[in-house]
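Try each task before you read its solution.

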Amino acid sequence: MNGKHIQKLGFEKRAIKLALDAANLREDAGAKRGDILEELQAVQNNPTGYLSGGVYADLAAELHEQQQAGVSRQSAALRSTPLPYRVWGQDLIDPGAHDQMDVAMRLPVSRAGALMPDAHVGYGLPIGGVLATENAVIPYGVGVDIGCSMMLSVLPIAPGALSTDEARSLLMKHTRFGAGVGFEKRDRQDHEVLHESTWKDQPLLRHLYPKAAEQIGTSGSGNHFVEFGTLKLREADLGMEPGEYLAVLSHSGSRGFGAQVAGHFTALAQKLHPNLDRAAQKLAWLPMDTHEGEAYWQAMNLAGRYALANHDLIHRRLAHALNVRPTAQVSNSHNLAWKQIHQGRELIVHRKGATPAERGRLGLIPGSMADPGFVVRGRGEEAALNSASHGAGRQLGRKAAANTLAKKDVQGYLRERGITLIGGGIDEAPQAYKRIEDVIARQSDLVDIVAEFQPRVVRMDTGSEDI
DNA sequence: ATGTCC
């Protein structure tokens, strides 16, 4: 047996040496040359079948890697034209978000997509973008803040019964904001999510566990908030009679934990696709049937549950301090990927700043620090992949907001609406967002309005420039 | 979105 015999079978580079090593071992064990060549061919046809051990394991690993790389190269090319997708609120969406969605719809793994009326430019997939892929998950299709979500608790208290001062002191005492911020050790609360065995399944998760435990129950920075306000229910719903109720609304994510998961798997996805078209570099994907894809899926879903646990603790603390139990609660994630059957195929539906809106499903679409948010019920629009907007969406970028908005105008806007603001920055001013009424109007075929929430006492992180 | 490098 020599290299020529092996080469004839079509082995390349390092695989030739590994095949020869294995063949020699088999010859030493008394196997016939013809049988060995047949065995090598079998390994070549199905490397994964030989990975677990035996004389051909190293060869199988090399062949598997070569084949994966080949698949990656083959699948790196973008379609020449984007697959068609529907847009809600075209007149509200800037061209940049459109361009990004076009690139996403040219990915070879893309199957369907939609753009929500709050859409604006983001990294990779635009915010407000919905993208369905086959056997692939895109870390930047979910975003940096994995599992970013909303929660509303309706409390059995009349809106007027909680004074502004009391609301303010409750928010100061029971919520924490800011990058890197966690709860002080003596105030730290436990949650079921921290006891999941999932944390032990990956070195990365194990490593991030202490940070996650430190930051649980907190709210982060940017557009995250916790606020007291008034929920107006026009018709009996949510198990409640029509009326006005005190309610808590929160917007939070998976904090440093989720951000690091996103960073880790985004880098991994880009490394797996070195030949991906530059325009789509930030949309690099992980095949779902690989170890990497499975690992991301597991970590992403843990970050999703962790983000909801943050809300859960925020609402538990506030309700407990008021000595009540919520009469109704609604929550939804708006940065996550889901397995969803679309036109008979199981697809991976990425919602990056989009609210799940399956028929009958409740969701929350906030406006701004001073404008109403809405409790909605999905209508299950297939062309929108059962989605709706996740908010009003930015009209001005952070810098543009700081440069163009006058502090006086923002203060006036808040005063007119009776808003008390703790923290907050000019880059989160209501004027930096699209009009929520417009955004809601553009998606009347995606969701029905259940109730309206008017914020009253709002806490956010201190922004770059105070209002 | 995040203490901007796991």
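**Exercise 1: the pocket**

α9 is the top contributor to the lining of the largest pocket, giving 3 residues. (Helices are DSSP runs of H or I with at least four residues, strands are runs of E with at least two, and both are numbered from the N terminus.) Before going on, note that this is a predicted model, where local features need pLDDT of at least 70, side-chain atom pairs count only at pLDDT 80 or more, and totals for chains, interfaces and linings use all residues. Residues are numbered from 1 along each chain as its sequence is written, chains are lettered from A and ligands numbered from 1 in the order in which they are written, and side-chain values use heavy atoms, with hydrogens and water left out.

Task: describe the lining of the largest pocket.

Solution. Start with the definition: on a 1 Å grid over the protein atoms alone, a pocket is an open set of points where a 1.4 Å probe fits, with protein on both sides within 12 Å along at least five of seven lines, and lining residues have an atom within 4 Å of a point. Next, count: 44 residues line the largest pocket, and Asp-145, Asn-223, His-224, Asn-335 and Arg-398 lie nearest its centre. The elements giving two or more residues to this lining are α8, β6 (225-233) and α9. Finally, sort by class: 15 nonpolar, 21 polar and 8 charged. (Ala, Val, Leu, Ile, Met, Phe, Trp, Tyr, Cys and Pro count as nonpolar, Asp, Glu, Lys and Arg as charged, and the others, Gly among them, as polar.)

**Exercise 2: the DNA**

Solution. Then check the phosphates: side-chain N or O atoms lie 2.3 Å from a phosphate oxygen for Ser-221 and 2.7 Å for Arg-255. (A polar contact is a pair of N or O atoms within 3.5 Å.) Last, α9 shows up again, giving the most to the surface near DNA strand B, with 5 residues.

How values were computed
Polar contact = N/O pair within 3.5 Å; in protein donor to acceptor, adjacent residues only side chain to side chain.
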